[in-house]
Each structure stands twice: as structure tokens, then as C-alpha cells.
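Welcome! Please open the structure and keep the sequence beside it while you read this briefing.

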Amino acid sequence: PVRRAAAAAVRRARDLGAASIAVFMPPDGLSPRERAQAVVEGAWLGTYRFEKYLKEKNSKVVRSLTLLEPDRRSAAGAREGLRLGRVWAEATCLTRDLVNEPANVVTPTFLAGRAGEIAKEGGLTLKILERDDCATMGMGAYVGVAQGSQEPPKFIHLTYKPKSRARRRVVIIGKGITFDSGGLDLKTADGMLRMKDDMAGAAAVLGLFQALPRLKPRVEVHGLIAATENMPSGTAQRPGDIVRAMNGLTVEIGNTDAEGRLTLADALSYAVKHIEPDEMIDMATLTGAVVIALGQGVSGLMASSDDLAARVLGAADVAGERTWRLPLHDEYKDGLKSDVADLNNISSQRGAGAIVAALFMREFTGGVPWAHLDIAGTAFTERELPLGPKGGTGVTVRTLLAYVAALDGRR
């Protein structure tokens with residue numbers, strides 16, 4: 001409520017021409033830090049615009065925001081809330097910008113370059129694996145998706161390590177399909193129109209890693225993005241092809257438009273083998289089925305660990321991002337059987353598409369606690385929302401920041 005109230009108030013003040021705004025929020029059960037952070041997040045996100053390609057830009061801009069805290073004892077907490085609110089909101093807006101950019105700008109090479117800028121600014125470690133590197137490492141599922149595009153794929157590995165001993169080592173993976181045509185199983189024109197947003201999970205990883213060096217959590221965080229386009233061409237993957245993923249499992253391609261789970265399968269396998277994390281989370285605009293189940297206002301959560309699921313749901317609640325857990329019923333795996341390979345990338349049975357996709361990906365987690373956020377319905381909005389305009393929402397960035405903060409013991 002505080003975020004939404006601040007967003008509405010500051011947006012209205014901006015539209016009336018105010019350049020400087022002072023806000024007082026009476027105590028409402030939140031700590032001074034929490035209240036201040038919510039006000040800043042609401043104000044920042046609520047006044048976000050993406051006007052890069054407009055000749056006539058809106059001249060009304062709020063240049064300063066002052067938070068009034070009459071109790072001097074609350075000042076220190078409020079200042080920290082202001083700082084956190086700004087960091088969290090800027091990370092979310094970076095993600096929104098990337099999702100709103102067109103696919104002729106945001107290519108896998110562009111994402112790799114942006115990761116390089118973030119790594120340099122924050123003193124992070126960055127590794128970029130090229131197509132040949134990925135093929136040599138056995139990422140047949142990921143390379144198979146990439147083979148239809150003239151844009152070279154880029155496997156991006158960002159690492160944040162605290163100076164002190166890390167409390168936990170976690171991997172955050174974002175789906176990075178910079179444009180999804182469906183491949184040879186081509187989407188309809190309407191279904192393809194907004195597919196620049198199929199890299200929203202990857203954009204969330206970059207937003208998170210912009211924030212981590214400024215927050216300095218005592219948690220080791222690895223960010224993975226298997227970036228590629230999914231395009232139809234003479235070299236494109238065909239229905240019926242069989243690919244071998246990094247963990248050795250073979251996959252029959254039942255549909256080339258179920259490509260995201262293939263790229264994520266190799267990213268998960270890479271994490272298990274080369275990072276050995278305590279737990280993993282991925283975010284992906286993965287299935288239309290989750291939109292049918294939950295609508296366009298709720299992200300779907302599926303997890304192999306009840307403890308991890310509870311903590312992710314708790315983090316989403318802190319961030320104010322609606323998330324609902326869906327079950328992983330093992331009997332639904334029967335539809336993924338193939339006569340000629342270990343798995344099919346689509347199910348032969350109707351229904352539960354979001355769950356089946358998660359069950360497919362679970363096969364590549366190596367028993368490491370794992371949570372999957374299907375953000376197909378929440379990464380992009382076609383209508384104005386209380387915390388932002390039409391376009392990319394930046395969903396999961398603040399959930400991930402709250403998740404990392406909880407691991408660090410700081411809320």
C-alpha cells in the first residue's frame with residue numbers, strides 16, 4: 001500500500017508540474033527503514049518512462065524527493081531506507097529498459113556487452129562463452145536452439161563474491177531469448193509481436209548484478225544467461241531432432257517453440273557441474289500456460305525444495321510482487337517420455353503446461369535445491385499498473401534482492 005500510495009502521489013505531483021516533492025508517511029506498522037524504502041521504490045517506479053525513441057519527450061520530471069521523518073531517532077533507519085529504495089528501484093528500471101528495447105538492439109552480443117559494463121562498474125567477475133566453447137562443453141540443447149540465427153549466442157556468467165566469507169553460494173539464471181519467432185514451428189503474427197520480452201529473465205539477472213556491489217551482501221551470487229535468438233532458417237533446429245544436453249541426457253525436439261527450457265537445461269547443468277551451488281533460482285517467460293492458470297498479475301513458482309519455495313515466496317511478499325506456488329506432480333512427467341531419446345521437450349498429454357515445463361527442467365538440476373519462476377504473464381504489461389506504465393515491469397528483481405538480503409540476515 002505504501003509503494004502504491006507514493007507512486008500515485010508523486011505521479012500526480014509530477015503531472016501538475018512539481019519538480020521537488022516532500023513526502024510524509026505516518027507510522028503504519030513498518031519500521032522507518034521499511035517505510036522510507038517503500039516510498040522511494042513507489043516514487044521511482046511509479047514515475048518511470050521509456051522515451052528513448054520518442055522525438056517529443058515529456059518535460060515534466062521530478063528532480064528531488066524529500067522524505068519527512070519528524071522523529072530524530074528514526075532518521076538513521078530512514079536514510080538507509082532511502083538508499084536501499086534507490087538501489088532496488090534503479091536495478092528494476094535497468095531491467096525495464098532492457099525489456100523495452102527492441103530486439104534489433106538487444107541481441108545476445110548486446111546483453112554480453114551490457115554485462116561487461118555492469119561487471120566493470122561493480123568490480124565483478126565476468127566470463128563469456130562463445131558458441132564453440134558451449135559446443136565443446138557439451139551444451140547441445142542450448143547450441144541447438146541457437147543454430148537457426150545469424151546472431152551469435154553468448155553464454156554469460158557473472159560472479160559477485162563478498163570480501164568476507166560467504167554465507168551461501170547461489171545461482172540465479174535468467175532466460176535470455178532475445179527474440180523468439182518460435183523457430184520452424186513458427187508463432188502466429190500476434191503471438192510473435194511482443195517476443196522482444198523473452199529475455200526478461202536475463203534482464204532481471206543484469207538488474208540484480210547492478211545492485212549487488214552497492215549492497216555488499218555476504219552471499220556469493222552467480223548469474224547465468226544462455227542468450228540466443230530462436231529463428232527459422234535453413235540451419236534451424238527441426239522438429240524430431242535429437243540433442244544431447246550438458247548433463248548427458250538426450251532430448252527429442254517435439255516443438256521448436258519450446259526452446260527456453262532447452263537453454264535453461266544447459267544453464268542449470270553448467271551451474272551444477274561448474275559452480276556447485278547451495279541452491280538455484282531461474283526466472284523465465286516460459287509458458288502461455290501459466291498465464292491461463294494465474295492471469296497477468298501473478299508469477300508462477302515451482303520448486304524442488306519446500307524450504308527454498310517458502311523463502312522465495314517470503315521475498316516476493318517483501319517486494320510486493322504477487323507470486324503463487326504450483327505443484328510438481330511426478331505423474332505429469334509421463335508426457336515427457338520419448339521413444340527415441342531420454343526426454344521430449346514437450347508433453348504428449350494436454351494441460352499443466354507450466355508444471356510440465358518445470359518438471360522437464362528439474363531433470364537438469366542434479367538434486368540441487370531449485371526454484372523456477374515463470375514470469376510469462378508478469379514481465380510485460382499491456383496496461384498501466386500502479387507501479388509503472390505499459391511495457392516491461394522489471395518483475396523478480398526486487399524479489400531476488402529481498403531473497404539475497406534474507407540470506408545475508410539483513411531485512
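Below is a short tour of some helices, strands, a pocket and a few single residues.

Keep in mind that this is a predicted model.

**Helix H4: one side in, one side out**

- Helix H4 covers residues 108–122, which makes 15 residues. From its first C-alpha to its last it reaches 21 Å, close to the 21 Å expected at 1.5 Å a residue.
- Which residues of H4 are buried? They are Pro-108, Leu-111, Ala-112, Arg-114, Ala-115, Ile-118 and Ala-119.
- After H4 comes Gly-123, with a positive phi near 65°.

**Helix H13: largely enclosed**

- Helix H13 is made of residues 397–408. Its 12 residues should span 16 Å at 1.5 Å a residue, and its end C-alpha atoms are 17 Å apart, which agrees.
- Is H13 largely enclosed or largely open? Of its 12 residues, 11 are buried, so H13 is largely enclosed by the rest of the structure.
- The buried residues of H13 include Val-397, Arg-398, Leu-400, Tyr-403 and Asp-408.
- H13 is followed by Gly-409, and the phi of Gly-409 is positive, near 85°.

- Strand S9 runs over residues 279–284. Six of its six residues are buried, so S9 is largely enclosed by the rest of the structure.
- Glu-279, Ile-281 and Met-283 point one way from S9, while Met-280, Asp-282 and Ala-284 point the other way. All of them are buried.
- S5 pairs with S9 in the parallel sense, over five bridges. The bridge partner of Ile-173 in S9 is Asp-282.
- S9 is also joined by five bridges to strand S13 (residues 370–374), and these two run parallel. Here Asp-282 has His-372 as its bridge partner in S13.

**An open sheet of three strands**

- Another part of the model holds an open sheet of three strands, in the order S7-S8-S12 and with mixed pairing.
- Strand S7 (242–244) and strand S12 (343–344) stand at the edges with a single partner strand each, so one side of each has no neighbour in the sheet.
- S7 and strand S8 (residues 250–252) pair in the antiparallel sense over three bridges. Arg-244 finds its bridge partner in S8 at Thr-250.

**The second largest pocket**

- How much space lies in the second largest pocket? The answer is about 710 Å³.
- Its lining has 31 residues, and Arg-261, Leu-286, Thr-287, Gly-288 and Ala-289 lie nearest the centre of the pocket.
- S5, helix H9 (260–275), helix H10 (288–294) and helix H12 (353–362) each give two or more residues to this lining. The largest share, three residues, comes from H10.

**Val-290, a residue of H10**

- Val-290 is found in helix H10, and with a relative accessible area of 1% it is buried.
- Leaving aside neighbours within four places in sequence, Val-290 is in contact with several residues, including Gly-295, Leu-326, Ala-354 and Asp-374.
- Val-290 and Gln-150 are 140 residues apart in sequence, and their C-alpha atoms are 31 Å apart in space.

- Most residues other than glycine have a negative phi.
- Lys-216 has a positive phi near 55° and is found in the loop between H8 and S6. Its relative accessibility is 53%, and Lys-216 therefore counts as exposed.
- Thr-396 has a positive phi near 80° and lies in the loop between strand S15 (391–392) and H13. Is Thr-396 buried or exposed? At 2% relative accessibility, Thr-396 counts as buried.

Key. Residues are numbered from 1 along each chain as its sequence is written. This is a predicted model: local features need pLDDT of at least 70, side-chain atom pairs count only at pLDDT 80 or more; totals for chains, interfaces and linings use all residues. Side-chain values use heavy atoms; hydrogens and water are left out. Helices (H or I, at least four residues) and strands (E, at least two) are DSSP runs, numbered from the N terminus. The expected span of a helix is 1.5 Å times one less than its number of residues. Buried means under 20% relative accessible area, exposed over 50%, partly exposed in between (1.4 Å probe, protein chains only). Two strands pair if DSSP finds at least two bridges between them. On a 1 Å grid over the protein atoms alone, a cavity is a set of points where a 1.4 Å probe fits but cannot get out, and a pocket is an open set with protein on both sides within 12 Å along at least five of seven lines; lining residues have an atom within 4 Å of a point. Grid points are joined across faces, edges and corners, and a volume is the space filled by probe spheres set on the points. Contact means heavy atoms within 4.5 Å.
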